[in-house]
Number of protein chains: 2
Amino acid sequence: MKGPKGKLLAIGGGEDKERNMRILHRFIEESGGTGAYIEIITTATNLPEEVGEDYSKALDTIGCKNYDIIHVDTREDANEEKFLKRLKKANGILFTGGSQLKLSTILGGTEFLKLVKEKYISEKFVVAGTSAGAAAMSDTMIVKGSSEDSLIKGSLQMAPGLGFLQEVIVDTHFTQRGRFGRLIQAAASNPACLGLGLAEDTGVIISNGNTLETIGSGLVVIVDGQNIKYTNLTDVYDGDPISIEQVNLHILSKGDAFVLDERKFLRKEK
Amino acid sequence: MKGPKGKLLAIGGGEDKERNMRILHRFIEESGGTGAYIEIITTATNLPEEVGEDYSKALDTIGCKNYDIIHVDTREDANEEKFLKRLKKANGILFTGGSQLKLSTILGGTEFLKLVKEKYISEKFVVAGTSAGAAAMSDTMIVKGSSEDSLIKGSLQMAPGLGFLQEVIVDTHFTQRGRFGRLIQAAASNPACLGLGLAEDTGVIISNGNTLETIGSGLVVIVDGQNIKYTNLTDVYDGDPISIEQVNLHILSKGDAFVLDERKFLRKEK
């Protein structure tokens, strides 16, 4: 099967926007350089102006010439011709942080999202997302689940995401918010899915919809539930703790890669 | 090899002392029932009176007739005959929470600790510990390491513990404080060691120094680094993120067991 021509850039939130901006630099580079047409999509956030301004400053510093902010705030917006026109021209877009449920409820099934997917499949187009924008990338996303109550049945809420990735569950702010437990729980609920935990200022570039390269200053945690031998998930009641026999984890840092369909760790070349 | 005759009870901190007190009930039961001689060792804490009072209330409610509090606060205390005499008579002891480094610096190499170990090896004697009291049980213990900076080289401080258990690293308040990362890092630093992460109000009873049974309301996480294929731990500098290819985790809840030397999960019987 031939993968999409575009690339995904999933970021764990809190990417540096003031100092070295390594992740944003890479986003621009993958999109074709400082002349590329970039759109920042602020749909997820309740503070679109502030967030838009932060990215504007960062992209100005990087020297981007053709960027703009799109605030699609309703499903009507998401079918509006003026936005579709700008999207058609774009080489790269970035979904900001906020609420992943806002992204899916506003964009799901709209012309806007349809066009993003078409471009991702058929063009050298970059779809970036940070925090909620990354969490929403897969077909199933985590909507809610505290770190403290993780691995307790019923503590985790999931919902359908934007669907750029299949059989992957993305979690963000991962080491900073201690989210190992909830991602293990998510992966155990369907061991076909790989859990992808992204630390802040850390991201993965996914090429061909399949090969993932780690960038940024922190860690990427992969939870592979395929070899789970046993779980009591279906036997216990809501509020009960969960048992899982054998789940595999990988910890990736800058330069390490991972092949999703082979579940294979590729070490950084020295 | 014949294991010790005694049992260990390692508790993740915050065990219920007011309502059903399941863990404390089990401690008393394993020690021989409400007639057993119990000593609460408050060495780890800076609030020995408050902590002693909490346990006194709990043990009164349970109906214990022969318990007392031992506050060994210096290395001299730990060689005093009056404490050794009481310890000789005891059927079970419990190290309270506080600082694990206080436990090791005050008790390490003293007559008190020597006697505890002799009794643990040769008698039906129960050594319980909660929070710091559990963290200090193994030969290597985690002394410091934040959840947020976990899996960053240099972020974790370890020290020699009291040594009731070999090749195990115990961590406590585990799911509540998001400590997966630091325990994975500890286990990766020596894959011969199993990481044992105990949630609050949760514990393990270890028989024969080898078979572990989960009790209490929460989870026990076992980190098994034996199958780690690669880590960059020796290649990177302090402050750099760590890569680890393949670490196995098990999540145990009440009734699940684990055999340490075989690294084998035993499911709860239905």
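Mentor: A salt bridge is a side-chain nitrogen of Lys or Arg within 4 Å of a carboxyl oxygen of Asp or Glu, and two salt bridges are counted between chain B and chain A. This is a predicted model, in which local features need pLDDT of at least 70 and side-chain atom pairs count only at pLDDT 80 or more, while totals for chains, interfaces and linings use all residues. Residues are numbered from 1 along each chain as its sequence is written, and side-chain values use heavy atoms, with hydrogens and water left out.

Trainee: What makes the pair A:Arg267 and B:Glu245 a salt bridge?

Mentor: The closest N and O atoms of A:Arg267 and B:Glu245 are 3.2 Å apart, which is within the 4 Å limit, so the pair qualifies.

Trainee: Which part of chain B gives the largest share of the side that touches chain A?

Mentor: That is S14(B), with ten residues, strands being DSSP runs of E with at least two residues and helices runs of H or I with at least four, numbered from the N terminus.

Trainee: How do you know that the span of helix H2 of chain B is close to the expected one?

Mentor: The expected span is 1.5 Å times one less than the number of residues; for the 15 residues of H2(B), 48-62, this is 21 Å, and the helix reaches 21 Å from its first C-alpha to its last.

Terms used
Chains lettered and ligands numbered in written order.
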